[in-house]
Amino acid sequence: MSEFYEVLHRRRDVRGEFSGAPVDPAALRRILGAAHAAPSVGLTQPWDFVLVSDLGLRETFAKHVHTEREIFAASLDGDRADTFARIKIEGILEASLGVVVTYDPARGAPDVLGRHAIADAGLYSVVLTIQNLWLAATAENLGVGWVSFYREPFLAELLGIPDGIRPVAWLCLGPVTELAAVPDLERHGWRERRALDGAIHHDRFTPGQPGPA
Ligand SMILES: Cc1cc2nc3c(=O)[nH]c(=O)nc-3n(C[C@H](O)[C@H](O)[C@H](O)COP(=O)(O)O)c2cc1C
């Protein structure tokens, strides 16, 4: 039990600490097995995992992410722009592997049990597989970094993902020199974590709980 909580709190989003050493194939299999064990709406398991090791594909993606970073940076002023300039947002080339997790809303459709009223329930399932993958990788002493600075059509085209299937995340995966104790965004003064008590409500949602907005 305590080991589980230790892994959960040790998990970190990694950008700068990838060593580039290869991922043990047996560990990768265990991690993907953990991801594939996630709960899913109507037992649809609407995810797939595209393992990207090809350097050319990773370089092309990294260039696209750089362009998207510049678009976001251009929307910032003054101090925010300066702070963002110091933050690394991806380790696409430094990581050993890219894992692109996709969402197929057509899997198990049309009668998906539990999705008739909440279309996003399919997407929630994919996010759960990602969280399983992230925690399992942490338990294997590997790092994961989620990259979302991309346009879905670009990544779909790059990896030959069929129409209608969405690339939900590009995950950088691999051995790391360390897992930082504090999230990068907090370390760089971008944003602080909220206290738990500010997130707990009793009976009714109370707006304006203490902590950062
Ligand atoms: C949906 C999602 C998208 C994210 N996209 C990025 C990203 O593009 N680049 C990045 O550096 N971190 C990204 N992150 C990581 C968050 O910045 C990170 O989880 C947060 O700062 C808390 O840090 P921690 O995960 O180390 O606790 C993303 C996380 C999530 C859940």
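## Reading a predicted model, feature by feature

Biologist: Let's start with the ligand. Which residues surround the ligand?

Modeller: This is a predicted model, and in it the ligand is surrounded by Arg 12, Asp 13, Arg 15, Ile 89, Glu 90, Trp 146, Val 147, Ser 148, Phe 149, Pro 183 and Leu 185.

Biologist: How do the residues of that shell divide into nonpolar, polar and charged?

Modeller: Six residues of the shell around the ligand are nonpolar, one is polar and four are charged.

Biologist: Now the fold. How many helices and strands does the protein have?

Modeller: The protein has seven helices and four strands. The C-alpha trace spans about 55 × 50 × 40 Å along its principal axes.

Biologist: Helix packing next, please. How are two packed helices described?

Modeller: Two packed helices are described by the angle between their axes and the distance between those axes. Take helix H1 (residues 2–10) and helix H5 (residues 121–139): they pack at an angle of about 105 degrees, and their axes are 9 Å apart. That angle makes H1 roughly perpendicular to H5.

Biologist: Which residues of H1 and H5 meet?

Modeller: From H1 come Val 7, Leu 8 and Arg 10, which meet Leu 135, Thr 138 and Ala 139 of H5. The residues of this contact of H1 with H5 divide into four nonpolar, one polar and one charged.

Biologist: And H2 with H5: at what angle do they pack, and how far apart are their axes?

Modeller: Helix H2 (residues 25–36) packs with H5 at an angle of about 145 degrees, with axes 7 Å apart. The crossing of H2 and H5 is right-handed. On the H2 side you will find Arg 30, Ile 31, Ala 34 and Ala 35, and these meet Thr 129, Asn 132, Leu 133, Ala 136 and Ala 137 in H5. In the contact of H2 with H5, six residues are nonpolar, two are polar and one is charged.

Biologist: Let me try another pair. Are H3 and H6 roughly parallel or roughly antiparallel?

Modeller: Helix H3 (residues 55–73) and helix H6 (residues 152–159) pack at an angle of about 170 degrees, their axes 11 Å apart. H3 and H6 are therefore roughly antiparallel to each other. Leu 57, Thr 60, Phe 61 and His 64 of H3 make the contact with Phe 154, Leu 155 and Leu 158 of H6. The residues of that contact of H3 with H6 divide into five nonpolar, two polar and no charged.

Biologist: Which peptide bond is cis?

Modeller: The peptide bond from Ala 109 to Pro 110 is cis, with omega near 10 degrees. Pro 110 lies in the loop between strand E2 (97–103) and H5.

How values were computed. Residues numbered from 1 in each chain as written. Predicted model: local features only at pLDDT ≥ 70, side-chain atom pairs only at ≥ 80, totals over all residues. Near = placed C-beta within 6 Å. Nonpolar A, V, L, I, M, F, W, Y, C, P; charged D, E, K, R; others polar. Axes fitted to C-alpha atoms, helices over the stretch in contact; angles between N-to-C directions. Helix = DSSP H or I, 4+ residues; strand = E, 2+ residues; numbered from the N terminus. Parallel < 35°, antiparallel > 145°, perpendicular 65-115°, else oblique. Contact = placed C-beta atoms within 7 Å. Left-handed = near helix turned anticlockwise from the far one by under 90°.
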